[in-house]
Amino acid sequence: MIAVIRGSTARHLRDPRPHAIQTPFNRRPESLRWLHIQNGNLVRSHPISISSLVSNNCSKGGGISSIKIAYVRNHSLMMSCIIGVTAMTVGIATIAETEGPKPSSKSPEKMDEESQSVFDEVMKFLGLTSSESNNSDNNDSNSTDDTENEPESSPRDDTGTGPGKPVKVPLDNETLSSLPVIPLSQLSDPTGEFENRMLVSHEGIVYDVTEFIQHHPGGKDLILTANGLDLSHFFNNYTVHGESDKAAQWLSSMAVGKLSEGDAQLSRDRTTAKVHVERRHMWLNRARRRIVFVAATLPLWITVRTAVRMVGWVSNSLGRWLAYLIPVAVPGLSYGAEPLRVDERATMEGEVAGDAPTVAIIGGGIAGCGTAWALRRSGFRVTLYEARAQVSGNARTFDWDFGPFRSKDEEQMVKSCCSVTAWPPLFYKNYTCLLNELGVETVHQPLSWFLNSKVPGAVGTLWAADPTPYEGSLRNVMKKDFDIYGKVVKLSDALCHLFTMRWAPWRRNDTPSMYDSHTGIGLLNPMNVVPLYSMFRAMGGSDLWWNVVFTPHYTASFLVDELRPFPAVFGPLIEAQIPLLPNSGNARSFASKRSERDCNITTCQTWKDAGKGIREVFDKLTHGIDLRENTRVREVEVLPNGKKRIHDEFDNTLDVDRVVFACPANAVGNIYKQCGWLANTIFSTLVYADDHHPDSGHMHAVLHSDGTVIDERFRDECLKRASNYVEVTEKADGSINIENQYNFGVQTPGPGVYDLPLDKKPVMLISHALGEGKSIDPKLIVGTANHARAHPLYSGWNVMAMLSLRLVQGKNGIYYCSNWTTPGNCHDMSFLSGLVCAHAIGARYPFESEVEAKKDFHRMRDLMGF
């Protein structure tokens, strides 16, 4: 994937002249000196283990800064590592079974080899040797040989090409004719003048992107996934590349050759989603071996941090000295992690002193904008960078044309939500407080999922908000599974109630919370690590129900179709918000003008003015700050004086006191190149939905007005009252397809669209993953959307990364907030992560009088390690 940075004109990348213009790509990164291409993979030129990584970083004075003391004393960590790894290995064995890519028939033992590699890395760090580790590094380097060396003429096996706009690289005829013809084998195994280089192809042209690896805005790991492959697949499925001419312009300076017509076709054919996923997981598995080590030692570092903070409470200077000596961040004491002070006289709302501390925030979603808002209202000078044309992150909007249904005097366009559509205020306490503070009105969101299963053995329908077992209902067809699922949810809820001490006198007045799973003795609760799927299956539930009912129902909410790693602790939470087992507390059935058996859940609200409400929120959040939209940050540099220098894509610089990253995890490492081994390990571990299904229909949306995609038997009723139409079918290869139709004719209640008859409004559908044989009338398509890098998975690996992030939060004055820094993936958690970072920098908590919201704030501070 290539997303690029605009800057000064670049000369040819291979230009050795010392007077060549200094772009980010004609300076060979130091880290590439130990990288080379082997069997199509970019690998290190010598074996690297955890121990050598630590020692190398120590000798350079970088990586995990000040780690010399910890490294010299690594024998004192031995028992902690052994105990921690023993516990972690048990959990990872379970996670690996449910989350990794499906092993191919050529490598049935792949997961066992990965587990062995984890053990080898830790044993090497401890100075011991595994009996089977002699060739582990070589095996790791070639772990994708089966994929890399499959017959080049094998047919393309992915089912979709993605909606990305074509990326046309501007190469003139003279340049094209001068390019030498390069055999396809050079892409997988470069030799001669291309040895140690990373080559990719696009539309028959070969590009050398080696120097771009360390500057790819999407992160190093993501571009390495494309090594030796054709970029068309990545451009089609990561549509950000086609939204501007940046990728095309930079590629034009990297062309080094061309393929024959036959080789160009073979390059496209062999670059499939399957190859992409296996490549991506090769890099993920390398990061996972490192995060296991970090997580295994996490209890030790938490203890050390606590001890240093206790010393700091007695003697601040002694605490700061101790914090300087250890390789992890200590809130309030490490260099750069201390709160900044603002002149109290200048902190009145609307006033910012000229000498107030400065903060740069990278990323304009709800986390970044929430951080900016909290800091600005506390008197900080804030600059917010957003790479795209408009802030909002995942909370996107779309304008629907109502012109054919309205007079010229009426508003012709209706702005609807597009991805973030509703929330339960009982659980979204801080976001609800924010809307009240900003004066943004809300209304009830009438959500009602309709599921239509055509899978053999599970044929039937389901109105999720209707508990009635009507004729043909899946509640009848799969009654046993629904009963088992109900028992699983009750058991999980009971255990959570017990371990979090919700029964205690001091918690009796607490309202339900998404953030209390670690309170009391909640960290000992097995529901935090046991997948909901595993519990359901252990109690006799069927895979068929999980695949036909549970996953399709919640795929519509989470936009991921891999929910087996979903921790059981979340079961009661999602059931209380988006129930499969509705009751009087979360749903209602009633007669309406739409249906005698109308139904919807009662837990959710939305913005009264729909998409306009979303824009109002972000406009008010960014009022009074220095907002730089359509500006990508190229690098964050820590200066000797402690300031942080921001370099943007237009070669502008800005020096600030603190930096907050509120962007996807993979992008951070290439922007903050001084972050070190520990932080890079955390950033590289995060798993997003597109890491499993980059070309899946759940990553790509089509906005249209073609109602024929809904089964004719249920079409009118669903268009009238179903917020979501979910159709589950069995494909020709026996796999399950989950088709989602989001009906914004129902999901837009505030502007009155919900109450309009069908002949007074356009069909307003957003489609994902159409079933086999279906199509949308091209004339009725009004737009597309892409969800790549938007949704971190609910997985054990991400939990490890999130918990480990506390070890680097605030180090050198750098903070991190976003959906990947939280235990879940929702608007309230992302917003609250921003408030936590703002508070750590020195901002006041904005909702002091809201007792329950403040409890969630402190719970999130605990979860994030502050």
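**Close-up 1. Polar contacts of His700.** The side chains of His700 and Asn237 are joined by a polar contact of 2.8 Å. A polar contact is a pair of N or O atoms within 3.5 Å; within protein, one must be able to donate a hydrogen and the other to accept it, and residues adjacent in sequence count only if both atoms are side-chain atoms. The His700 side chain also makes a polar contact of 2.9 Å with the side chain of Asn786. His700 belongs to strand β21, residues 700-704. Strands (E, at least two residues) and helices (H or I, at least four) are DSSP runs, numbered from the N terminus. His700 has 9% relative accessibility and so counts as buried (under 20% relative accessible area, with a 1.4 Å probe and protein chains only).

The model is predicted: local features need pLDDT of at least 70, side-chain atom pairs count only at pLDDT 80 or more, and totals for chains, interfaces and linings use all residues. Residues are numbered from 1 along each chain as its sequence is written, and side-chain values use heavy atoms, with hydrogens and water left out.

**Close-up 2. The open sheet β17-β18-β19.** Three strands form an open sheet in the order β17-β18-β19, with antiparallel pairing. Two strands pair if DSSP finds at least two bridges between them. β17 (633-638) and β19 (653-656) are at the edges with a single partner strand each, so one side of each has no neighbour in the sheet. On average, neighbouring strands of this sheet are turned by 20 degrees against each other, direction ignored.

**Close-up 3. The hairpin of β18 and β19.** Strand β18 (residues 644-648) runs antiparallel to β19 and is joined to β19 by four bridges. Lys644 has Val656 in β19 as its bridge partner. Four residues lie between the two strands of this hairpin, and Asp651 in the turn has a positive phi of about 65 degrees.

**Close-up 4. The crossing of helices α16 and α28.** The axes of α16 (residues 429-438) and α28 (residues 851-863) come within 8 Å and cross at roughly 125 degrees. Axes are lines fitted to C-alpha atoms, for helices over the stretch in contact, and angles run from 0 to 180 degrees between N-to-C directions. In α16, Lys429, Asn430 and Cys433 meet Glu852, Ala853, Asp856 and Phe857 of α28, where contact means heavy atoms within 4.5 Å.

Notes. Buried means under 20% relative accessible area, exposed over 50%, partly exposed in between (1.4 Å probe, protein chains only).
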